[in-house]
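Me: I am new to this structure and would like to understand the words used to describe it. Please set each value beside its definition as we go.

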Amino acid sequence: MFQLGKTIVSERILEKDFVCNLSACKGACCVDGDAGAPLLAEEVEILKNVYPKVKNLLRPEGIAAIESLGTSTLGTDGTLETPLIDEKDCAYVIFDGETALCGIEQAYNQGLISWKKPVSCHLYPIRVKDFSEFSAVNYDEWEICDPACELGAELKVPLYKFVKEALIRRFGENWYLELEKIAEEYLKK
C-alpha cells in the first residue's frame with residue numbers, strides 16, 4: 001500500500017494486468033454477487049434525474065424493482081447502492097444476447113443522458129472505500145474476471161491504465177498523473 005494525497009492505494013492496481021473481456025465473462029459482475037453497485041451520495045440524485053430517460057431501455061423486471069425499491073437503495077451494510085432484481089441482477093442491467101450490459105451506459109452511448117454510469121461500475125474491478133480521513137483504493141479480485149486478467153496480460157495493459165478515465169473521474173487528473181509517476185518508479189523494481 002502507498003499513500004497518494006488522501007488515498008491509500010494497493011500496489012495490486014499497478015501490478016495486475018486487466019482488460020475487460022465481455023465475450024468471455026458475459027458481464028457477470030453486473031448480475032453476480034450479493035449487493036448492488038456502490039453509489040456516491042451525489043449519484044443518488046443523478047439516478048433519480050436520469051431514470052426517466054433510461055427507463056425505456058430497461059427490462060420490465062428492472063423497472064419493477066426500481067419502481068418498488070427506488071432508483072437507489074441502502075444495502076445491508078447501510079451503504080448506498082443500486083437496487084437489485086430478486087437480490088441478484090442490478091436493476092439497470094439489460095442484455096445483448098447472453099451478455100449483461102448497463103442500461104445507463106447504453107442511454108449515455110445513445111446520447112440520451114450525459115452521465116456514463118455510477119463511478120464504482122466504471123472503476124470496476126477497483127473498489128474505493130471512503131473513510132473519514134482517507135479513501136482506500138483496492139483491486140477486487142474475483143474469478144469471474146480471470147479472462148480479463150488473461151487478456152490484460154496478453155495486451156500488456158496494467159489495471160490502473162485500463163481504468164484511467166474512471167480514476168480521473170473519481171480522483172482528478174492531477175491525482176492520476178501522480179499515480180503514473182508512482183507506477184513508473186514502482187514497476188522499475
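Me: Why is Lys156 called exposed?

Reply: Lys156 has a relative accessible area of 67%, and a residue counts as buried under 20%, as exposed over 50% and as partly exposed in between, with a 1.4 Å probe and protein chains only; Lys156 is therefore exposed. Its place is in the loop between helix H7 (146–155) and helix H8 (159–162), where helices (H or I, at least four residues) and strands (E, at least two) are DSSP runs numbered from the N terminus. This is a predicted model, in which local features need pLDDT of at least 70 and side-chain atom pairs count only at pLDDT 80 or more, while totals for chains, interfaces and linings use all residues. Residues are numbered from 1 along each chain as its sequence is written, and side-chain values use heavy atoms, with hydrogens and water left out.

Me: What makes Asp89 buried, and which side chain does its own side chain meet in a polar contact?

Reply: The relative accessible area of Asp89 is 11%, so Asp89 counts as buried. Asp89 lies in strand S6 (residues 89–90), and its side chain makes a polar contact with the side chain of Arg59 at 3.2 Å. A polar contact is a pair of N or O atoms within 3.5 Å; within protein, one must be able to donate a hydrogen and the other to accept it, and residues adjacent in sequence count only if both atoms are side-chain atoms.

Me: Is Glu43 buried or exposed?

Reply: Glu43, in helix H3 (residues 41–54), has 3% relative accessibility and therefore counts as buried. Its side chain reaches the backbone nitrogen of Leu40 at 2.8 Å.

Me: Why are helices H9 and H10 called oblique to each other?

Reply: Helix H9 (residues 164–171) and helix H10 (residues 173–188) pack at an angle of about 130 degrees, with their axes 7 Å apart. Axes are lines fitted to C-alpha atoms, for helices over the stretch in contact, and angles run from 0 to 180 degrees between N-to-C directions. Angles under 35 degrees count as roughly parallel, over 145 as roughly antiparallel, 65 to 115 as roughly perpendicular and the rest as oblique, and H9 and H10 are therefore oblique to each other. The contact (heavy atoms within 4.5 Å) is made by Lys164, Leu167, Ile168 and Phe171 of H9 and Glu173, Trp175, Tyr176 and Leu179 of H10.
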